[in-house]
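Me: I want to learn how to read helix packing and charged pairs from coordinates. Can you walk me through a case?
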Amino acid sequence: MTDPIRLFDRALLRRRRDRAARAGGDHGFLIREVAERLAERLDDVLRDFPRALMIGSRDGASRDIFQGRRGIETLIGLDLSPAMAAADAGPVVVADEELLPIADGSMDLVLGLFSLHWTNDLPGALIQIERALKPDGLFLGAIAGGSSLKELREALTAAEIEIDGGLSPRVSPFAELRDAAGLMQRAGFQLPVVDVDTITLTYAHPLKLLAELRMIGATNVLHDRRRAPLKRATLMRAMEIYVERFARPDGRVPATLDLIHLAGWKKATGQPQPRRRGTADTAMSDMLARLRAEVPGAEGDAG
């Protein structure tokens with residue numbers, strides 16, 4: 001693999017998660033919501049996965065959602081933060097998602113629990129996950145997508161331009177849905193499926209959102225971030241703009257999260273394969289004509 005662009009400061013991300021773990025409090029609200037949505041997708045798969053790896057396990061607060069589900073007997077956590085991992089009661093590995101210390105072909109299931117979007121080499125991480133799976137093993141993951149925290153991004157940008165006369169990167173860039181689909185294919189996953197959920201959280205004030213991001217260790221870790229702290233005047237103006245532009249009638253402010261779900265299988269003998277493009281033996285026009293003939297009133301264009 002070629003060296004990836006260094007977009008995120010992984011050492012800083014580790015320190016931020018360590019700090020969040022030492023501060024105590026509930027680190028699991030958003031992560032548990034993501035885990036519940038992944039679990040719903042896992043329930044749709046009618047087979048068992050005895051040995052599973054959960055990447056981004058943090059303090060293990062979501063372990064009970066998956067343990068025993070779909071035949072999971074051994075659930076191994078993996079997190080970048082030693083302090084977070086120390087709070088996990090189950091088997092856990094402290095490791096970087098970019099350098100998975102997992103033997104090839106050793107896992108029936110790999111779960112990516114809302115952490116892979118902070119990797120500098122997401123294609124490389126997906127390739128390593130695919131290698132870690134047994135033949136016909138399954139990967140289910142969730143990452144932040146394109147429009148995530150768009151309100152915060154807009155408010156910070158407007159405030160920095162107004163107060164400081166320029167701007168610096170404050171909110172991470174996130175993958176687009178079309179890019180995620182290509183990455184799954186590039187990593188070698190079979191029958192890849194990618195879709196997006198939009199979650200809208202609401203807060204009494206934008207500062208509550210910032211506090212929650214800090215609590216889960218999800219504040220700015222961009223490598224090219226401005227090293228000087230955000231000035232108080234700029235921060236307060238950003239919060240004013242956030243309220244002015246996005247507050248709802250009840251006074252609460254929204255925070256949008258695009259949750260991109262990734263699913264794919266490790267190649268195996270006898271596994272169903274999609275047909276190659278251009279090999280269909282029935283034209284869409286013929287199918288529509290047949291539908292109109294069989295179902296009275298079935299008119300119009302396909303959409």
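Reply: Start with packing; note that the model is predicted. The buried residues of helix 6 are covered by elements including helix 8 (206–215), helix 9 (232–246) and strand 7 (253–265).

Me: Which residues of helix 6 are buried?
Reply: They are Glu-151, Leu-152, Ala-155, Leu-156, Ala-158, Ala-159 and Glu-160.

Me: How far apart are the end C-alpha atoms of helix 6, and what span should its 15 residues have?
Reply: Take 1.5 Å a residue: residues 150–164 should span 21 Å. The end C-alpha atoms are 21 Å apart, so the two agree. Gly-165 follows helix 6, with a positive phi near 75°.

Me: Now the charges. What is the general idea?
Reply: Side chains of opposite charge can pair when their charged atoms come close. Here the count is 17 salt bridges.

Me: Which residue forms a salt bridge with Lys-231?
Reply: Asp-164, with the closest N and O atoms 2.9 Å apart. Lys-231 sits in the loop between helix 8 and helix 9 and Asp-164 in helix 6, so the pair ties together parts 67 residues apart in sequence. Lys-231 is partly exposed at 47% relative accessible area. Asp-164 is partly exposed too, at 26%.

Me: Are Arg-17 and Asp-79 buried or exposed?
Reply: Both are buried. Arg-17 and Asp-79 form a salt bridge, closest N and O atoms 3.1 Å apart. Arg-17 is in helix 1 and Asp-79 in strand 2, 62 residues apart.

Me: Where do Arg-237 and Glu-240 lie?
Reply: Both are in helix 9, 3 residues apart, about one turn. Arg-237 is buried at 19% relative accessible area, as the cut-off is under 20%. Glu-240 is partly exposed at 41%.

Technical notes. Residues numbered from 1 in each chain as written. Predicted model: local features only at pLDDT ≥ 70, side-chain atom pairs only at ≥ 80, totals over all residues. Heavy atoms only, no water. Helix = DSSP H or I, 4+ residues; strand = E, 2+ residues; numbered from the N terminus. Expected span 1.5 Å × (residues − 1). Buried < 20%, exposed > 50% of the residue type's maximum accessible area, 1.4 Å probe, protein only. Contact = heavy atoms within 4.5 Å. Salt bridge = Lys/Arg side-chain N within 4 Å of Asp/Glu carboxyl O.
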